[in-house]
Amino acid sequence: MRTLFPGKPVTGLARCIRTSNVPASTRLRFSSTLQAQAQVKTDPSPSLPPLSILPAHVLLRSLLVSTISSKRFLLIPALSFMSFLSKPNRIWLFDVDRNPILHGILKKTFYNQFCAGENAAECRSTIREMKDMGFRGVILTYAAETVFDHSTQAQHGQGVAALKSEDGNVSINAPVSQCPSIEAWRKGTVETIDMSDAEDYLAVKLTGAGIKATEAFAAGDLPPQQMMDALDEICTKAKDRKVRILVDAESQHFQKGIARVAVELMRKYNRDGYATIYSTYQAYLKSTPATLANHLTVASEDGFTLGLKLVRGAYMATDERSLIHDTKEDTDNAYNMIAQGALRKNIGEFGDKGSREFPSVNLFLASHNKESVVAAQKLYKHRVTSGLPTVPVRFAQLHGMSDEVSFTLLQMNDGDGTPEVYKCSTWGDMGECLAYLLRRAIENRDAVLRTDNEYRALKAEVFRRAKLTFSLSPSS
Ligand SMILES: Cc1cc2nc3c(=O)[nH]c(=O)nc-3n(C[C@H](O)[C@H](O)[C@H](O)COP(=O)(O)OP(=O)(O)OC[C@H]3O[C@@H](n4cnc5c(N)ncnc54)[C@H](O)[C@@H]3O)c2cc1C
């Protein structure tokens, strides 16, 4: 019997590129361990659309979610309902972890679209599926985090809830050496490393460790020793397993402390000519060029590799507006200037246009903006083929979002193994992941044009496969 979606059986790029052997001499080698050797000879002008790589069940689920995301009359009630569900202490009927029907519906739709799994087995299966689609690897993150709402001056999220729900022997003023929130965060993070393979990434949200940590971050300080010890354990274990760590940027209220931790870790663990630890730079903040210049200085003076993960920024809804660029265009320009500056090894006073030598940098471009990532890959390629200095670069999009951008990048591989594209996914039980799911839904609401483009591309792919099926069907 013919399936409705004959495009389903896919192994990575196989459907988009033609493979053959490449002599070892034609393989590209880069000077860092981020090097990617050419494994395949590819056709630079693929004939199939990027979304043809998606397995049928993922395509249909993506279409369902993007239909909801792109229609305001569906998205607004969906957002209100998810916001209602994410409040603590819901009655059984509205508790996503206790009501199996509610859990099942959310799991098959929003959860599976954006999250990796509730346990190790589910996560491994999702990771395998992604690598089979052609992604270089995954970025896995544990869901717990704390968000600071500038307008209400309140913290909310899993890290806070974890501590507040404690009762009995442990009080909120318990000695930090016993802080159960830090311990729970350590455990969840170590488990995440166990699920990852070499060359995968672990993304850490430091506020997930709860109020002892967030109090320190809010004051611009390092967190308690218990957490610094946990971070040492995590970094050592990750390095042993060749897993790299992205320290996520979070609410502006905590960011100074978080960035301090990231620099401490980079100084200690990025001493082998490549980055095990990356700090995240939010291009939407007016202060980011100064922060980056400061970190380039420290990297240069202390002799470590700066792991530069660049994002636009996800906390516009809660952060202080005046700290963020006035227009989207300004944020776009800031993003592209930093990305392209790093690829040209020229940022501010660093590089051959400035007075100081450009330090060792590994770049990670996390974005759904096709223009930014395609331009960056083209520039990188141009510099490599012209023998011009550049830095190793990797790309990532979030799981369940902008697949068209991810697959467009994958199709740019013309045989040298670049670009290396990752998908970033969150794991945790449904309750833990709700805040994350809500943020994704809000992001889709705010990115109207992108969401609409995604919806159209997915719809076109469904029609293409349906047309193919019917044109293949024997006439009766
Ligand atoms: C793998 C991955 C990891 C990420 N990690 C983090 C992280 O650690 N911390 C974090 O904060 N973000 C992170 N992000 C980014 C965030 O989640 C959003 O995906 C991102 O901000 C959306 O921007 P974009 O680059 O995809 O491009 P676009 O969709 O083109 O840009 C949208 C973004 O532009 C900015 N913007 C929109 N309107 C305006 C305006 N009027 N004025 C100024 N700026 C505006 C906002 O940042 C908005 O999110 C990550 C993204 C990915 C893909």
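Reader: In this predicted model, how many residues of strand β7 (residues 277-282) are buried?

Author: The model is predicted, and its strand β7 is mostly covered. Ile 277, Ser 279 and Tyr 281 point one way from the strand, while Tyr 278, Thr 280 and Gln 282 point the other way. In a regular strand, side chains alternate between the two faces of the sheet. Residues pointing either way from β7 are buried, and the count is 6 of 6.

Reader: Which residue of β7 is the bridge partner of Ile 245?

Author: Strand β6 (residues 244-247) runs parallel to β7, and 3 bridges join the two. The bridge partner of Ile 245 in β7 is Ile 277.

Reader: Through which helix does the chain cross from β6 to β7?

Author: Strands β6 and β7 run parallel. The β-α-β crossover from β6 to β7 is right-handed, and the chain makes it through residues 252-269, helix α9.

Reader: Which residue of β8 is the bridge partner of Thr 280?

Author: Strand β8 (residues 306-311) runs parallel to β7, with 4 bridges between them. Together with helix α10 (residues 288-302), β7 and β8 make a right-handed β-α-β unit. The partner of Thr 280 in β8 is Lys 309.

Reader: Which element gives the largest share of the largest nonpolar core?

Author: The core has 113 residues, and Val 247, Ile 277, Ile 338 and Leu 365 touch the most other members. Its largest share, 9 residues, comes from α9. Beyond its neighbours within four places in sequence, Ile 277 is in contact with residues including Ala 262, Leu 265 and Met 266, and these numbers fall within residues 252-269, the span of α9.

Reader: Which element gives the largest share of the shell around the ligand?

Author: Of the 28 residues around the ligand, Asp 248, Ala 314, Ala 366, Ser 367 and His 368 come nearest. Elements giving two or more residues to this shell are β7, α11 (328-343) and β10 (393-398). By class, the shell has 13 nonpolar, 10 polar and 5 charged residues. Its largest share, 3 residues, comes from β10.

Reader: Is Met 130 buried or exposed?

Author: Met 130 lies in helix α4 (residues 120-132). Leaving aside neighbours within four places in sequence, Met 130 is in contact with Phe 135, Val 138 and Lys 423. A residue counts as buried if 20 or more other C-beta atoms lie within 10 Å of its own. Met 130 has 20 such atoms within 10 Å and is therefore buried.

Reader: How far apart in space are Met 130 and Leu 54?

Author: In sequence, 76 residues separate Met 130 and Leu 54. Their distance in space, C-alpha to C-alpha, is 9.7 Å.

How values were computed: Residues numbered from 1 in each chain as written. Predicted model: local features only at pLDDT ≥ 70, side-chain atom pairs only at ≥ 80, totals over all residues. Buried ≥ 20, exposed ≤ 12 C-beta atoms within 10 Å, placed from the backbone. Pairing = 2+ DSSP bridges. Right-handed = clockwise from strand over helix to strand, strands pointing away. Near = placed C-beta within 6 Å. Nonpolar A, V, L, I, M, F, W, Y, C, P; charged D, E, K, R; others polar. Core = buried A, V, L, I, M, F, W, Y, C linked by C-beta atoms within 7 Å. Contact = placed C-beta atoms within 7 Å.
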